[in-house]
Amino acid sequence: MLRTGRPIGTIVDLTHLNWLAILAATVAAFIAGGIWFGPKTFFPVWWKLMGKDPAAVPGAGSNMAVVFGSTAVAAFVEAVSVAVVISFVAPATPGFGPLQGALTGFLLGIGLAAASSLSHRLFAGVGFRVWLIEVSSDVLNLTIMGLIIGSWR
């Protein structure tokens with residue numbers, strides 16, 4: 001038996017997850033990402049660091065419904081993943097709440113999102129500053145997701 005009360009080797013049961021919290025976390029992260037990459041925040045510097053013409057229209061030639069739809073689906077998958085991790089960590093952590101949820105999301109952001117994407121961005125030749133702007137958004141979003149999901153346990 002694990003400390004969570006689940007037998008070792010138990011298949012993850014997604015039915016016990018708080019789907020309303022997952023949906024709220026998805027929407028909150030999507031909004032936070034929009035603010036992060038807004039015209040008054042990090043978008044202009046990120047765009048310049050990517051070597052793009054400031055007059056160029058972002059997403060030109062792309063199907064923006066696919067871009068935003070895929071981004072929303074990815075955020076939902078991240079929120080489900082954070083919820084699953086929290087469902088295993090919380091029962092073994094007395095007094096698990098919003099702070100612990102945020103910390104769980106933060107650690108997932110640093111340990112998985114940031115660490116795994118660094119070499120991709122550097123080998124792609126876009127540099128450390130582009131990675132830092134992008135991954136900071138990822139870490140923030142996962143922290144927000146953890147906060148929300150941890151609050152609604």
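**A tour of pockets, patch and salt bridge**

By class, six nonpolar, three polar and two charged residues make up the lining of the second largest pocket, where Ala, Val, Leu, Ile, Met, Phe, Trp, Tyr, Cys and Pro count as nonpolar, Asp, Glu, Lys and Arg as charged, and the others, Gly among them, as polar. The model on screen is predicted, so that local features need pLDDT of at least 70 and side-chain atom pairs count only at pLDDT 80 or more, while totals for chains, interfaces and linings use all residues. Residues are numbered from 1 along each chain as its sequence is written, and side-chain values use heavy atoms, with hydrogens and water left out.

To find this second largest pocket, select His16, Leu17, Asn18, Ser87 and Arg153, which lie nearest its centre among the 11 lining residues. A pocket here is an open set of points on a 1 Å grid over the protein atoms alone, where a 1.4 Å probe fits, with protein on both sides within 12 Å along at least five of seven lines, and lining residues have an atom within 4 Å of a point. Its volume is about 160 Å³, a volume being the space filled by probe spheres set on the points, which are joined across faces, edges and corners. Helix H3 gives the largest share of this lining, three residues; helices are DSSP runs (H or I, at least four residues), numbered from the N terminus.

Next, select Gly33, Phe37, Val67, Phe68 and Thr71, which lie nearest the centre of the largest pocket, lined by 27 residues. Two or more lining residues come from each of helix H1 (19-36), helix H2 (43-49), helix H3 (64-89) and helix H5 (128-151), and H3 gives the most, with seven. The volume of the largest pocket is about 890 Å³, and its lining divides into 15 nonpolar, eight polar and four charged residues.

Now turn to the surface and select Leu20, Leu23, Val27, Ile31, Ile35 and Trp152, a nonpolar patch with about 590 Å² of accessible area together. Such a patch joins nonpolar side chains (Val, Leu, Ile, Met, Phe, Trp, Tyr) within 5 Å, from residues with over 30% relative accessible area and no salt bridge, and the areas come from the Shrake-Rupley method with a 1.4 Å probe. Ile35, in helix H1, counts as exposed because its relative accessibility is 53%, exposed meaning over 50% and buried under 20%.

Finally, select Glu134 and Arg121, whose closest N and O atoms are 2.8 Å apart in a salt bridge, defined as a side-chain nitrogen of Lys or Arg within 4 Å of a carboxyl oxygen of Asp or Glu. Because Glu134 lies in helix H5 and Arg121 in helix H4 (residues 98-123), the pair ties together parts that are 13 residues apart in sequence.

Methods. Patches are made of residues with over 30% relative accessible area and no salt bridge: like charges are joined within 9 Å, nonpolar side chains (Val, Leu, Ile, Met, Phe, Trp, Tyr) within 5 Å. Buried means under 20% relative accessible area, exposed over 50%, partly exposed in between (1.4 Å probe, protein chains only).
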